[in-house]
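Dear colleague,

Please find the structure below, together with a short account of what was computed from it. I would be grateful if you would read the two side by side.

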Amino acid sequence: MIRSNAENLIRKSMARFVDNELVPKAQEIDEKGEFPRELFEQLGRMGVFGIRYPKAKGGSGGNCVLFCTVCEELARGLMSLAAISAMQSLMGTNFLFRFGSEEIKEKYFHPAMRGEKVACFCLTEPEAGSDLGNASTLAVRTENGFLINGMKTWVTNGPVADFYTVLCQTNPEKKFKGLNFFLVPADTPGLSRGKPFDLLGTRNTKICEIAFKDCFVPLDHMLGGEGQGMTNLLSILAEIRTMTAALAIGLQRAALGDCIRYAHERAQFGKTIANYQLIQAKIANMAVDLEASRLLTYKAARMVDDNIPCLTEASMAKYFATEAACRAADQATRIFGAYGYSMEYSPQRYYRDNRFLLYGGGTHEILQTNIAKWAGL
Amino acid sequence: MDIVVLIKQVPDSSEVKLDPKTGHLLREGIGAIMNPDDRHALEAAVRLKEAHGGRIVVLSMGPAQAIDVVSEAIGMGADEAVLLSDSAFAGADTWATSSTLGKAIEKIGKYDLIICGRQAIDGDTAQIGPQVAEYLGLPQVTYVFDIEAVTDGTVVVKKRLEDGYEKVQCDLPALLTVIAEVNRTRYPAIGNLIDACGEQAPITIWNAADIGVMTCDVGLAGSLTHVIRTFAPKGGRQTQMLEGDTGTVVRTLLEKLRENHLVLTDSGVLSAECREGKLS
Amino acid sequence: MTVWVEADLCNGCRRCLKACPYGAIEFSGEKASVLERCTSCGACIEVCRQSAMKSDIRPRSVPDFSDRKGIWVFAEQRNGQLAHGALELLGKARQLAAELGEDVCALLLGHGVSQLAETLIRYGARTVYLAEHEALADYRTLPYTDVLEDLIERHRPGILLMSATHIGRDLAPRLSRRVGAGLTADCTDLEVDPDEKILLQTRPAFGGNVMATIVNRYSRPQMATVRPGVMEAHQRPGNEGRVVTTPVSIHEKSIAAKLLGAVREKKDAVKLCEAKVIVAGGRGVGDAGGFRVLEELAEIVNGAVAGTRVAVEEGWISADRQVGQTGQSVRPELYIACGISGAIQHRAGMLNSRYVVAINKDPRAPIFQVADWGIRGDLREVVPELVRQLKSEVRQA
């Protein structure tokens, strides 16, 4: 029986969305710097946020390859929307889906899938970034729940989220083994949001600090077994990194596409700059980087789908694809000449937005350290 | 309310390029898309289904690759899709196409409404809708830009005219052809797209035997009209570049226009032929 | 037409079973038999080495149409006003008639429209078939189809032409299916093949990127719709013609569609498809203010302002004014392209303009290839100068 190929079909469909709804408006949306509520809701209606969850449970029934395909296409159009969408599809909802009660799912997970509620993930603290074992946000057991105190920072979607998945320490002496995830609804008394950060790039992704002061959550808001926080985080870390690599691929494609178009349009000394070998060399390098990023990323994605441990592969993909995206954005600002320095053209946005990818999902310094270790050093 | 929607896979015309040397169409590497008007037809059907319930069957005729547009239609909310695919169907003109689609709709059987796009961007004929309606003996309303109400046994629509519109009430079952103005289309749902690619997808493929037609009645063999020649349009006008300062070029231009009977009158510029042809 | 097996010749080799694309061959014992699914495609006949597969399929032959004579034109009218396209068709029909040695007839349907017959004769009709009935007052698909079908059955024309208007494109395909005739849409050229004496119908495809010539050998009448504005109307003052009134009986009950109301929309601006002159702007116009200059020019020549996709996306002009592949196709007498580079997507929408003037700073802009007159210069200087000189001409007049 003839059937369509899901990856092709979804890529084409998302590409049409990106070309119609994002590419023409990306510059304007970026300038406004607001949370793109309408687009967010539209993605919800399209079932984008449910891509990693089974259809019978309110998701769209896709695998990691399809998830990366969608992330890549969205990032090609507007990195901040892609980042918001990735947060909503993976980190912001994963633990609710896996460990939440039916009531929690009904109240938070399903509306999040439909784009009616914004999800979010609180990991980093002012004093604990890469060093998560040092997390000091404390959840203290009370008779019928937990009291949460502490501070989280670099919370993507923080200012607009309806609920938070928060990494807390329940037993500081146990370090990693005392970590647990908690669901904290935005309307919990004692929860306060800081002012949105003024960001270099991905200006529609709203990020802020979240302070918890005696925030009470009931027992069933602890997501996952006691002390399982770090294990559960590790269980999706490879996917987070693979997804981040896919975002970087999208950015590379956007930059490469714009550069090729521009090289054909821009004429100097009587011919278009596409005719000059130094421009050709830049384009060639970008194309090779892109292809290599794809191979690494989709290899890792297939391993995730096949349940093969692949933190190494995912980390390599994230490291390489993101660095390649930085190179692509850098070269784009050069190929565009002085226009690359103008806020009216796209390269500046790629140049700013790609920085976001450097930190999310693990800094490159940490990744390099780990990769070296895994390589046998 | 059971609806059959006719859709077609067409080359993405925005990518159509000409060979600069021969002036021929370069079709290589051109993507294929769902015909834009048909997408609006499907959206109209999905909205009617959302309001009134019922089932939507999408019907398309094309090569095996056209499976992608029927899968996309499932993604947008069609319940079922039928792809008519057979080498015998190739090269059909609108006569043979409407016979084939008509036969397939007879086999599908149950419907209150058939909706199709006004025309396909590769042929621009706008003939399939009315010809299928005639084949099935259904009333038709073309150029529909608003489906106002569906009541028991009738549909009320607005039909676009060159200088306004008409409101028409039509008995069901009927066939409507819609224009882009009728709605804003949705993007397919990811979950439905994934389903459409699965083994269990509600997509059926029918060949000539499945719908009970003779190969001599379909495709090129069953066509009444035939293309005998294709050629590049005479692209090259004799371009005359006007030289001189701004005042001079504009003066020269106005002279040239006058030479070609494009003269200034009270009501504006009209060519000689046009004025002669104007009704008094 | 059927395919069958001569059982005596069949040796049970099963080649036909493999060759049949439809699974329409069955073997009972060692002999093949043909099932009802057979589509007479002939695949089995080709592979059978015993010549056991037989069929009465004959190569397609062109029927004898020697009794089909006359070139008919559907005279579209609305509210007692003839569509100009119908007069243009009469002009073309006369030309074809001269080559074929046949007569030109016009078909006039409506209610209280008999006075229009005179105009049709003045423009070249030799016979006007007039069908009048209350139910024909407004165009509706089914009654019009019924009346035309009846006329075609009785008078057996060889050619039937209609305008590719909204009415023509609703009626022509319906009628073609009804009378079993092939139809070619939106023709831009019609000629008679000198040998076969059939109609050569030429039309654009793929947004005007390709022209195709189409013939209709196997059915009559040879039906075509023609884009309005393509052919030329000619008055023939001495032309004599007759009016033949045709009886009409229509049961209102049998008409499935009821007209509830019609609205004519106010014209606040000259419609693009009707404008004789279009002043169009692209990226080179620079901003919405730049379009004001174009508007001024359009106003003087009673024309319309249009724009490219870029101009629409930039918000300099509304979307209903877009010309091109994704916008409208226009065919004005004069198209003035200002600051338009002329991408194929745009050219597809304006190629049918009678005359094209291009104003662009870049001498290599593709728009110049499709222009009759090109001005290399800044539109912000050229257009105001054009306005100035036109105004002074008006004053002199």
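A residue is called buried when its relative accessible area is under 20%, exposed when that area is over 50%, and partly exposed in between (1.4 Å probe, protein chains only). Of the 280 residues of chain B, 59% are buried, while in chain A buried residues make up 56% of 377.

This is a predicted model, in which local features need pLDDT of at least 70 and side-chain atom pairs count only at pLDDT 80 or more, whereas totals for chains, interfaces and linings use all residues. Residues are numbered from 1 along each chain as its sequence is written, chains are lettered from A and ligands numbered from 1 in the order in which they are written, and side-chain values use heavy atoms, with hydrogens and water left out.

Helices (H or I, at least four residues) and strands (E, at least two) are DSSP runs numbered from the N terminus. Chain A has 12 helices and 10 strands. Its radius of gyration, taken over C-alpha atoms, is 21 Å, close to the 21 Å that the globule rule gives for 377 residues, so chain A is as compact as a globular protein of that length; the rule is 2.2 Å times the number of residues to the power 0.38. Chain B contains eight helices and 17 strands.

Contact means heavy atoms within 4.5 Å. Among contacts with a separation of 6 or more, residues 24 or more positions apart account for 74% in chain A and for 67% in chain B.

A nonpolar core is a set of buried Ala, Val, Leu, Ile, Met, Phe, Trp, Tyr and Cys residues joined through side-chain atoms within 4.5 Å. The largest has 121 residues, and M14(A), F17(A) and L74(A) have the most contacts inside it. Helix α8 of chain A (residues 229-265) gives the largest share of this core, 18 residues. Beyond its neighbours within four places in sequence, L74(A) touches several residues, including M14(A), F17(A), L43(A) and V48(A). A second, separate core of 42 residues includes M34(B), V58(B), A81(B) and V155(B).

In chain B, helix α4 (residues 128-136) is largely enclosed by the rest of the structure, because seven of its nine residues are buried. Among them are P130(B), V132(B), E134(B) and L136(B). Just after α4(B), G137(B) takes a positive phi of about 70 degrees.

With kind regards
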